[in-house]
Amino acid sequence: MPTGMRELALAQGLTEAEWERILATLRREPTEAEVAVFAAMWNEHVSYKTSRPYLKQLPTRGPRVLVGPGENAGVVDLGGGLAACFKMESHNHPSYIEPFQGAATGVGGILRDIFTMGARPIANLDSLRFGSPSHPRTSYLVSGVVSGIAHYGNCMGVPTVGGELVFDPTYDQNCLVNVFTLGVVRKDRIFYGRASVPGSIVVYVGSATGRDGIHGASMASAAFESDASLRRPTVQVGDPFAEKCLLEACLELMDRGLILGIQDMGAAGITCSTFEMAARGGTGMKVDLSRVPLRAAGMTPAEILLSESQERMLLVTSPGGLGAVLGVLAAWDLCGAAIGEVTDTGRMEMTFEGKKVVDLPVALLTDEAPVYERPWAVPADLPTRWTLPAMPPRREVWESFLDLLDDPSFRSRAPVFEQYDHMVQVGTVVRPGEADAAVIRLLDAPPRGLAVVSDGNGAMCWLDPAAGAFNVVAEAVLNLACVGARPLGLTDCLNFGNPERPQVMWEFREAVRGLAEACAAFQTPVTGGNVSFYNETAGRSIFPTPVVGVVGLVEDVGRVARAGFQRAGDAVVLLGPSEARLDGSLYLRRRTGEVRGRPARADPVLHAALCDLLASTIESGLLHSAHDVSDGGLLFALAECVVSSPEQLGAVLDLSFASEDPERLLLGEAPSRAIVTLAQEGLAVLEAASRERGVPFLHLGVVGGPLLRADPFVSIPVETLLARHHAPLPGL
Amino acid sequence: MRFAIIVFPGSNCDRDCAHVLGTVLRQEVRFVFHKERALPPTDCVVLPGGFSYGDYLRSGAIARFSPIMGDVVRFAQAGGLVFGICNGFQILLEAGLLPGAMRPNDSGRFVCRDVFLRVENADTALTRACRPGQVLSIPIAHAEGRYHAPPDLLDPMTRAGQVLFRYVDRKGRTRESANPNGSVEHIAGVMNRQGNCFGMMPHPERASERVLGSEDGRLLFESLVRSLRRG
């Protein structure tokens, strides 16, 4: 056990230099409680001390942006007095240690971020990345994470409508669990995490505080050594029933005008919520920690400050409103306690049993927290990464294609999303698995709706973080266009390895640059998100994996497109270039076992034109289906159109354009491509609209029949495709 | 007609039912918080789906002790129409207003998907807008939906027409593969002997508008409205 305060500080993750700065600023030794506060507020997870300088590059403004980064969640204007509120967050470390509770509390945390803003959550997405299907821990993690998400989201009555499920050996010892929530709020009733009015009352709301999750934020700011299970006590335990009551109580308090400011207690619990609310309001606070409702006896002030017990909020109300606040909380059988007041001192003063235990300037822990310019270096093996490996002897395209269909990415996700209630709230118009994005109708603004999608691509980002991140945004925007939506805004989870490694810092710099360029190119402002560093175990970092969640507007939910072939006799058209490359492709990975090559960055002009073409022709009712061509290439995408067809329709296609190099053109990949179907009579209209926008147009054939026939290369029975599609996934 | 929707802590389909009854069918809808002791004047009580009390202990086991349930039982005993959906069905079983009991799904998992139901009795206040034997497409979303009743209870129920719906395949045939939770005799919904209390696991409120993929569920709400109009 550390004895002195310095040892305690170092043991909690503060550096020697940070300790010296504390001493120099305070001109005294901090108390044990203060050490806890510094350790919690200055760690990477809360302070963004490594990423902050880079995140400034991201475009955060736009005509629709009402609330950008820095609040609990971003908000964009939908018109008609309504706004969409959304955010994505990672819960990687806890989910690897304890998958069920780790994932469940991740969902709980992101839901609180949304209803804190005054929004009612209407949809969740979950982007999940696990190790190789054959890794011994993968099944355990998949089944735990999926059931944890189901446990929490289902009970909350928020539909989980989509996400991703990716398997790659890079995540063998660091799974990624990125959770996204979308809510809807009245534009004139947005709430902020601010304590602006001195003299107002600070109220603790929700479940009582226990010893669970202490040091959770610092756990998420360190790499795993070999045995991550030793860190299990840092994972919190979720109670979705308590949170459902908390949600309803908070929305009722907001409806009744009883809240001046509100923030959820997430990472670093009471510490983070008090300091951040005071910092945003430019105020201070006096807090009596003895008044915090506790569920464990004998907790020290430091433990109370660091507890990450779930389902708790901090709110600020006027002295006259306190009685009414406590009344609403009592009706929902929730704890409520006035624990302090807002001051104008700019200091955080906390007492415990009559003794002062914390007395710190608020700014020192927030705006003035350390910022690091960590060294970066271009990875020495980059030229090797960019060189294509020697290919094994050629084989027939159909053989390679069949092998590609064995990849887990071709398999139906139904065993996942059937465990999620994806229909509650009667808003889900396009369900998970039906299309490139989910569509939720706006019950208060018919016939409009919102489309949501999440995307990421670790392998491509490892090969070229800037191009890879650019293409991730491009793909998400294209996914939205394929249901007929236009993007409103974006949130991101930046999952990276250990930033103290210069190559990881380079990956981060490059990826943020790519994201920034793409968001500017596609007019999709970033409204918030989070950074998850230290996804590293035993010295091995994950692929750089920026994941984005993008929200789009659908003008009429009665006119959306789905991915699968809809009607026999429809024409099948490839929109976008017929060129493709093997670099970084799924096919190359399966064929050679290597992630190699240099991915091409999407052409922003062509890509934007394609997206506009898709959204316009879906809105006008011209297209019957639309699906982007991404991982796996053109044949793979056509197979996906077959297996997601409601009537399981095949197709008869002429792919002779690929004769010069079928392997590359049919199995390779390229951005900015989509397969669409439409009535034969509409072909001329679509061709003209494509030409007008400079989007390549290639008529491939016709929908129908019991085969996927791609002359002269492949002819596969629909039954065979379905059998591959319904093969089981690990852990499900 | 006046509908009262009970809001238990953890109810999460209350607003969905209000949307269908109020916005789609233009009926008068009132939410009644579970801590109330008396129902407002009403023609039909709806117990919505959700996770009342977090489904802790056993689905519906705690909700039946909510203060409002005393008056719900009195209302039912006086012949008032009571309709429980999913968790609401579980609560009605726990409260003894409907016969039988509910167990966890045989898969051990929560399951959310479309299922087909066959209308076994089209001569009830909940089903009179349906044809006998009509196959309805309505989604389920539950972890504890395996209906159970012992033969000495089930046989008289069946003879009395108390079995309202069975899980079937697209063509209306009972098949093990079409039974999503292992319910005894594929039962998806039942009523009491008097014919005024109904419970079903599938969610008709999620299948009441074309934009959601099915309008079959609306037939049930329309049946209720029609029954009430008759008086």
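Q: How do you know that β6 and β9 of chain B pair, and in which sense do they do so?
A: In this predicted model, strand β6 (residues 111-119) of chain B and strand β9 of chain B are joined in the antiparallel sense over four bridges. One of the residue pairs involved is B:Arg118, whose bridge partner in β9(B) is B:Arg166.

Q: What makes β10 of chain B a partner of β9(B)?
A: The two strands, β9(B) and β10 (residues 187-191) of chain B, share three bridges in the antiparallel sense, and since at least two are required, they are therefore a pair. Here B:Phe165 has B:Gly189 in β10(B) as its bridge partner.

Q: Why is β9(B) described as largely enclosed by the rest of the structure?
A: A residue is called buried if 20 or more other C-beta atoms lie within 10 Å of its own. In strand β9 (residues 163-168) of chain B, six of the six residues are buried, and the strand is therefore largely enclosed by the rest of the structure.

Q: What makes β2 and β7 of chain B edge strands?
A: The open sheet of chain B has nine strands in the order β2-β1-β3-β4-β11-β10-β9-β6-β7, with mixed pairing. Both β2 (28-33) and β7 (135-142) of chain B pair on one side only, and they are the edge strands. Between neighbouring strands of this sheet the average turn is 25°, direction ignored.

Q: How do you know that the size of chain B agrees with that of a compact globule?
A: For 231 residues, a compact globule would have a radius of gyration near 17 Å, and chain B has 16 Å, which agrees. The C-alpha atoms of chain B fill a box of roughly 45 × 35 × 35 Å along the principal axes, and buried residues make up 55% of the 231 residues.

Q: Why are α23 and α26 of chain A called roughly perpendicular?
A: The axes of helix α23 (residues 633-643) and helix α26 (residues 718-725) of chain A come within 10 Å and cross at roughly 90°. Angles of 65 to 115 degrees count as roughly perpendicular, and the two helices are therefore described in this way. Their contact is made by A:Ala639, A:Val642 and A:Val643 of α23(A) together with A:Val718, A:Leu721, A:Leu722 and A:His725 of α26(A); by class, these are six nonpolar, one polar and no charged residues.

Q: Why are β23 and β28 of chain A said to stand at the edges of their sheet?
A: That open sheet has seven strands in the order β23-β25-β22-β26-β24-β27-β28 (chain A). Both β23 (623-628) and β28 (714-717) of chain A have a single partner strand, so one side of each is left without a neighbour in the sheet.

Q: What makes β24 and β27 of chain A a pair?
A: Strand β24 (residues 651-654) and strand β27 (residues 707-711) of chain A share four bridges in the parallel sense, and since at least two are needed, they are a pair. A:Asp654 stands opposite A:Asp711 in β27(A).

Q: How do you know whether A:Leu655 is buried or exposed?
A: The count around A:Leu655 is 24 other C-beta atoms within 10 Å, and because the rule for a buried residue asks for 20 or more, A:Leu655 is buried. This residue is found in the loop between β24 and α24 (662-667) of chain A. Not counting residues up to four places away in sequence, A:Leu655 touches A:Leu666, A:Leu700, A:Ala710, A:Asp711 and A:Phe713. The C-alpha atoms of A:Leu655 and A:Ala710 are separated by 5.8 Å, although the two residues are 55 residues apart along the chain.

Conventions. Residues numbered from 1 in each chain as written. Chains lettered and ligands numbered in written order. Predicted model: local features only at pLDDT ≥ 70, side-chain atom pairs only at ≥ 80, totals over all residues. Rg over C-alpha atoms; globule rule 2.2 N^0.38 Å. Buried ≥ 20, exposed ≤ 12 C-beta atoms within 10 Å, placed from the backbone. Axes fitted to C-alpha atoms, helices over the stretch in contact; angles between N-to-C directions. Parallel < 35°, antiparallel > 145°, perpendicular 65-115°, else oblique. Contact = placed C-beta atoms within 7 Å. Nonpolar A, V, L, I, M, F, W, Y, C, P; charged D, E, K, R; others polar.
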